[in-house]
Amino acid sequence: MNRLKRWLRYFISKDFLMFLITGAFNTLTTSLFSTWLSYVIHDNISATIGYILALALSYFINSPLVFHKSYSMKSFWYYMLSYIPNFLIYTGICFITINWLKLPQFIATALPIMVAGPVTFVILKFFAFGEKGKKG
């Protein structure tokens, strides 16, 4: 029961709420970048590039507001690496929503980002921003 309470503290917190708010902004920027790029390059490639551009922007928002950390190259690269599971989910769902379901680019790129949010928050908290020893 203590373990469950500890995990719930991560998701019922001001930091997680801020992560959701910045995540909504990140979802919007990913979809916008992807949509704009889709006018000049293939939809799947534009989705990937849009994701990476928005992710880099997201680091500069999340570091101080959500994880209360200063910027550093080390945390930037850990941040980017932390998104590999999210990226795999994103790419897989984008492939389905773009190629099979034929959804509009904006929607096709927004849906997968919303799926992996909580998993990504935990990975970022412990891996990218090193909060292993902190109590929730």
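## Packing of α5 against α6

Helix α5 (residues 84-100) and helix α6 (residues 105-115) have axes that come within 8 Å and cross at roughly 145°, where axes are lines fitted to C-alpha atoms over the stretch in contact and angles run from 0 to 180 degrees between N-to-C directions. Helices here are DSSP runs (H or I, at least four residues) numbered from the N terminus. On the α5 side the contact (heavy atoms within 4.5 Å) involves Ile89, Tyr90, Ile93, Cys94, Thr97 and Ile98, and on the α6 side the residues include Gln105, Leu111 and Val115. By class, ten of the residues in this contact are nonpolar and three are polar, with no charged residues.

This is a predicted model, in which local features need pLDDT of at least 70 and side-chain atom pairs count only at pLDDT 80 or more, while totals for chains, interfaces and linings use all residues. Residues are numbered from 1 along each chain as its sequence is written, and side-chain values use heavy atoms, with hydrogens and water left out.

## Ser75 in α4

Ser75, which lies in helix α4, counts as buried because its relative accessibility is 8%, the cut-off being under 20% relative accessible area with a 1.4 Å probe and protein chains only. Leaving aside neighbours within four places in sequence, Ser75 is in contact with Tyr59, Ser70, Ala128 and Phe129.

Note on methods: Helix = DSSP H or I, 4+ residues; strand = E, 2+ residues; numbered from the N terminus. Nonpolar A, V, L, I, M, F, W, Y, C, P; charged D, E, K, R; others polar. Buried < 20%, exposed > 50% of the residue type's maximum accessible area, 1.4 Å probe, protein only.
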